[in-house]
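Here is a short report to read alongside the sequence and the model.

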Amino acid sequence: MRSTVIVTGAARGIGAAISLKLLQQGFCVVGLDQQAQPEQWEITQNLTPDCHSGWQGICQDITIEDQTHATIADILENHQVVGLVNAAGILIMTSLLDATLTDWQRILAVNLLAPIAISQQVAQHFCMKKHGSIVTVSSNSARMPRMQLGMYATTKAALSHYCRNLALEVALHQVRVNIVSPGSTLTSMQKQLWTDDQPPMAVVDGDLSQYRTGIPLRKLAEPEDIANSVIFLLSEQAAQITMQEIVVDGGATLGV
């Protein structure tokens, strides 16, 4: 039986890029996403013929706890799961002064509570097997305050610290947990912040009015850039790495 990795948020963007690279390396991938019709997902449309046999897309809203738990349990029972990637996430742009309780409940459910529940379930399985790797896609915004991104940044900061604590608890069982934190990346989520089809110059140059540094490497990341770091942390090349965070942001957070 081929080794399998579960990837949430797999339909498009970073999750799709991660899934595709795993498939190209010979893994089976079970991708979860709330988007309907997996056959229409971005990743499904981009699969090469040799990758189709290893791919399974499942429409699943990960905030529905009982359904998600049952879905994950079925995957763990029927596949040789060796890895989990938490890539699902949503962005709500608003001032913290204007954020509603409904906003908070929604973003916490997707960005924090769902990956916590999934990670716990999969980590329990890995601990019994004495093997496995979990990588969570967080954000460089978890490291510093950002205007209008306070809700997103708060959930990602909490998720990152949860992963570090989980890593400590499961290390005794030879299970590894790490974090990849992207900066501005060319995805549909990033384009929510744009007023047209081009990234604002302030993204690369910085914006003093927003207390935002620019990107020293002078370019936005591609989803594949994030996927490369995730794949490394899942691999045996990272066998002695746990509780760590790789920031993939072109230097935007200045190494802080």
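**The whole chain**

Please keep in mind that this is a predicted model. The protein chain contains eight helices and seven strands. How does its radius of gyration fit a compact globule? With 256 residues, such a globule would come out near 18 Å, and the protein chain has 18 Å, so the two agree. The C-alpha trace spans about 55 × 40 × 40 Å along its principal axes.

Buried residues account for 49% of the 256 residues. Of the contacts between residues at least 6 apart in sequence, 73% join residues at least 24 apart. The accessible surface is about 12600 Å², and carbon and sulfur atoms hold 53% of that surface. As for charge, there are 15 positive and 22 negative side chains, with the centres of the two sets 7 Å apart.

| Helix | Residues | Number of residues | First to last C-alpha | Expected span |
|---|---|---|---|---|
| H1 | residues 13-24 | twelve residues | 17 Å | 16 Å |
| H8 | residues 223-234 | twelve residues | 17 Å | 16 Å |

The span of H1 is close to the expected value, and the span of H8 is likewise close to its own.

Why can H1 be called largely enclosed by the rest of the structure? Nine of its twelve residues are buried, which is the reason for that description. The buried set includes Gly13, Gly15, Ala16 and Ala17, along with Leu22 and Leu23. Just after H1, Gly26 adopts a positive phi of about 95°.

**A loop residue**

Met147 sits in the loop between S5 and helix H5 (150-170). Is Met147 buried or partly exposed? Its relative accessibility is 42%, so Met147 counts as partly exposed; the buried class would need under 20%. Setting aside neighbours within four places in sequence, Met147 is in contact with Gln210 and Tyr211. Arg2 lies 145 residues away from Met147 along the chain, and 45 Å separates their C-alpha atoms.

Methods:
Residues are numbered from 1 along each chain as its sequence is written. This is a predicted model: local features need pLDDT of at least 70, side-chain atom pairs count only at pLDDT 80 or more; totals for chains, interfaces and linings use all residues. Side-chain values use heavy atoms; hydrogens and water are left out. Helices (H or I, at least four residues) and strands (E, at least two) are DSSP runs, numbered from the N terminus. The expected span of a helix is 1.5 Å times one less than its number of residues. Buried means under 20% relative accessible area, exposed over 50%, partly exposed in between (1.4 Å probe, protein chains only). The radius of gyration is taken over C-alpha atoms; the globule rule is 2.2 Å times the number of residues to the power 0.38. Contact means heavy atoms within 4.5 Å. Accessible areas come from the Shrake-Rupley method with a 1.4 Å probe; for residues, only the protein chains shown count as cover. Lys and Arg count as positive and Asp and Glu as negative; His and the chain ends are not counted. The place of a charge is taken as NZ of Lys, CZ of Arg, CG of Asp or CD of Glu.
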